[in-house]
Amino acid sequence: MLYEKERAEFVDAGRTLYDRGYATGAAGNMSMLLCDGNLLATPTGSCMGRLVAEELSVISPSGELIGGKKATKEVAFHMALYAGNPDIRAVVHLHSCYCTALACLKDLDAGNVLRPFTPYVVMRMGEIPLIPYYRPGSPKLAEELGRVAAGHLAFLMANHGMIACGRDLTAAVNNAEELEATAKLYFVLANDRDRIRYLTQEEIRELR
């Protein structure tokens with residue numbers, strides 16, 4: 001089977017995210033760039049915890065389905081991220097609880113939705129831009145993500161969920177978990193927000 005190692009890694013990553021409660025039902029999707037320039041992606045309507053290696057979608061650089069089942073309707077924004085940022089080699093999109101709750105709040109800083117209060121998001125991902133709300137699968141999502149892809153490895157989609165990227169699938173999954181954990185801390189501290197010690201600009205510069 002072509003891409004056997006990559007398919008196995010992909011299925012394992014999906015199961016890990018599902019088993020830990022970051023993905024539910026048929027929500028969320030993933031992709032990874034292959035060494036020949038093709039893309040491996042979750043099929044439409046698939047459950048991250050029950051992916052089948054032989055059914056994974058294989059997409060050409062031009063967006064053509066060349067193997068497996070029909071890809072998720074959101075594969076267009078994955079391709080926009082790859083085109084806009086050469087450091088991105090894998091993309092994880094989740095409707096995880098705390099990131100999605102954060103994405104539903106009004107008046108977030110569109111340039112960076114999480115003002116840094118721990119070093120880890122800064123070290124792994126830097127600033128997290130907010131993408132305006134568009135219906136899932138809208139071409140506008142790909143346009144917006146392509147516009148801000150350069151220099152970013154994670155994004156919050158308003159009223160929708162999160163996207164975490166990385167140099168490989170392991171890094172993208174780790175970034176997704178770190179972002180969800182930080183969003184959870186944001187809500188844990190909800191009653192003490194005026195007492196949070198945020199990182200200073202000098203401390204942020206040092207981390208970067």
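**Fold and contacts**

Tutor: Of the contacts in the chain with a separation of 6 or more, 62% are between residues 24 or more positions apart; contact means heavy atoms within 4.5 Å. This is a predicted model, where local features need pLDDT of at least 70, side-chain atom pairs count only at pLDDT 80 or more, and totals for chains, interfaces and linings use all residues. Residues are numbered from 1 along each chain as its sequence is written, and side-chain values use heavy atoms, leaving out hydrogens and water.

Student: How many helices and strands are in the chain?

Tutor: The chain has seven helices and eight strands. These are DSSP runs numbered from the N terminus, with helices being H or I of at least four residues and strands E of at least two.

Student: And what order do the strands take in the sheet?

Tutor: The order is 4-3-2-1-5-8-7-6, in an open sheet with mixed pairing. Two strands pair if DSSP finds at least two bridges between them.

Student: Which are the edge strands?

Tutor: Strand 4 (65–67) and strand 6 (130–131), each pairing on one side only.

Student: Switching topic: is Asn175 buried or exposed?

Tutor: Asn175 counts as buried because its relative accessibility is 3%; the cut-offs are under 20% for buried, over 50% for exposed and partly exposed in between, with a 1.4 Å probe and protein chains only.

Student: Where is Asn175 found?

Tutor: In helix 6 (residues 169–188). Leaving aside neighbours within four places in sequence, Asn175 is in contact with Arg124, Met125, Ala164, Cys165 and Gly166.
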